[in-house]
Amino acid sequence: MKIAIYNGQIITPDRIIENGYLLIENGTITDIGTNFDETVFSGEKINAEGKYISPGFIDIHVHGGGGGDFMDGTEEAFIMALKSHAKYGTTAMLPTTASSPDKELFEVFDIYNGLKDKDYDGAKMLGLHLEGPYLSPLQAGAMDPDKIKYPIPENYEKIYNASKGAIKRWTAAPELKGCDVFGAFLKEKGILGSIGHSDAVYSDVIKAYENGFEMLTHFYSAMSTVTRVNGYRYPGIIEAGYLIPGMKVELIADGCHLPKELLQLVYNVKGVENIVLVTDSMRASGMPEGEVIIGSLKGGRIALYEDGVCKLPDRSAFAGSACTADRLIRTMVKLAEVPLYKAVQMLTKNPAKILNEHKKGAIALSKDADIVIFDEDINVSMTMVEGKVIYKAQ
């Protein structure tokens, strides 16, 4: 079936095309241009009404949404999250796990592998992101410290085999004993290694980067900075993130985790090509504020969702994000004052590139027709995945 989306402002990595159109056939973009003549087109026509036509958002760190968490161990929870995020422009994602017993992790693998090829009218799953269990107890954050452990080959090989190839990204703390060998294992298997929930010093990060850890998970959150030992200062992960030119950094741009000044600092130092926006959202995303469980319903922990973010019960620290993809763009544009097309690149082209997803991440010929239409305030009116409309605002 042929589809035309026209009368919109098409966002590319380099510019915005005014009065643009694109043609879609069999889920693939076949033509892009301006001044569409609808009188000569016989397929389905979608009038963007002057709004922005953007590549679909790719969220590579997301724990849940719409009331469901990927650690709940049910297909229903998966679908709740996948459908909920589609309403806010997410067309593809990496469902993300939390540190947990292997049995719970294997249940997630089974659900993922059973669901990935089904038709569920939500964001497409590109693989899984394992956040843990090889993390630093000194930087556990909202992770349960009782479920953190060291990377032992017998354990991570068992996890990898049980996943049946589903693991696309793995977050770990590189200073842990055995993480050098673990990093080499990830590189051999083609899994993106990411540094997070870590108390590493600069030398640890350099070593990890050379060994295949290419990214910093939720930059500034649950990671080390400058420390002093006997009067001498030692740079940590944050400083390494700035100093290593090719290191990618992940930002939770919800307006809560990082203030305007830090968002602008990261943008000015790292440049648009090294930043990936993520929601890192849990089940509260897209839901009313109130008390919520982070992690699985069976073994999760209580948190408070208020003021647009999740907090520990005593409000001493954040316990997770309730962000959606549209909010990431809105924050970068309205708060950090980043040009719209550059903000969109951080949530489309950049994550697609780091995941080696060559068919996604941009509006270009032969790419998948993963499309989002939104207005000046980044309110999403339509989400399309591979040529199929999966969400349309009423």
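Predicted model: local features only at pLDDT ≥ 70, side-chain atom pairs only at ≥ 80, totals over all residues.

Residues are numbered from 1 along each chain as its sequence is written, and side-chain values use heavy atoms, with hydrogens and water left out.

**The largest pocket**

Select A142, M143, I294, A319 and G320, which are the closest to the centre of the largest pocket among the 33 residues that line it. The space in this pocket comes to about 620 Å³. Here a pocket is an open set of points on a 1 Å grid over the protein atoms alone, where a 1.4 Å probe fits, with protein on both sides within 12 Å along at least five of seven lines, and lining residues have an atom within 4 Å of a point; grid points are joined across faces, edges and corners, and the volume is the space filled by probe spheres set on the points.

Next, select strand β22, residues 318–321, which gives the most to the lining of the largest pocket, with 4 residues. Helices (H or I, at least four residues) and strands (E, at least two) are DSSP runs, numbered from the N terminus. Colouring the lining by class gives 12 nonpolar, 14 polar and 7 charged residues, where Ala, Val, Leu, Ile, Met, Phe, Trp, Tyr, Cys and Pro count as nonpolar, Asp, Glu, Lys and Arg as charged, and the others, Gly among them, as polar.

**Helix contacts**

Now select helix α2 (residues 102–115) and helix α3 (residues 153–163), whose axes are 9 Å apart and which pack at an angle of about 25°. Axes are lines fitted to C-alpha atoms, for helices over the stretch in contact, and angles run from 0 to 180 degrees between N-to-C directions. The two helices, α2 and α3, are therefore roughly parallel to each other, given that angles under 35 degrees count as roughly parallel, over 145 as roughly antiparallel, 65 to 115 as roughly perpendicular and the rest as oblique. To view the contact (heavy atoms within 4.5 Å), show D102, L105, F106, F109 and N113 of α2 together with N155, K158, I159, A162 and S163 of α3; these contact residues divide into 5 nonpolar, 3 polar and 2 charged.

For another arrangement, select helix α7 (residues 260–270) and helix α8 (residues 325–335), whose axes come within 10 Å and cross at roughly 90°.

**Two loops**

Select G132 and P133, which are joined by a cis peptide bond with omega of about 10°; P133 lies in the loop between β11 (128–131) and α3. Finally, go to D280, in the loop between β18 (275–277) and β19 (290–294), where phi is near 50°, a positive value in a residue other than glycine.
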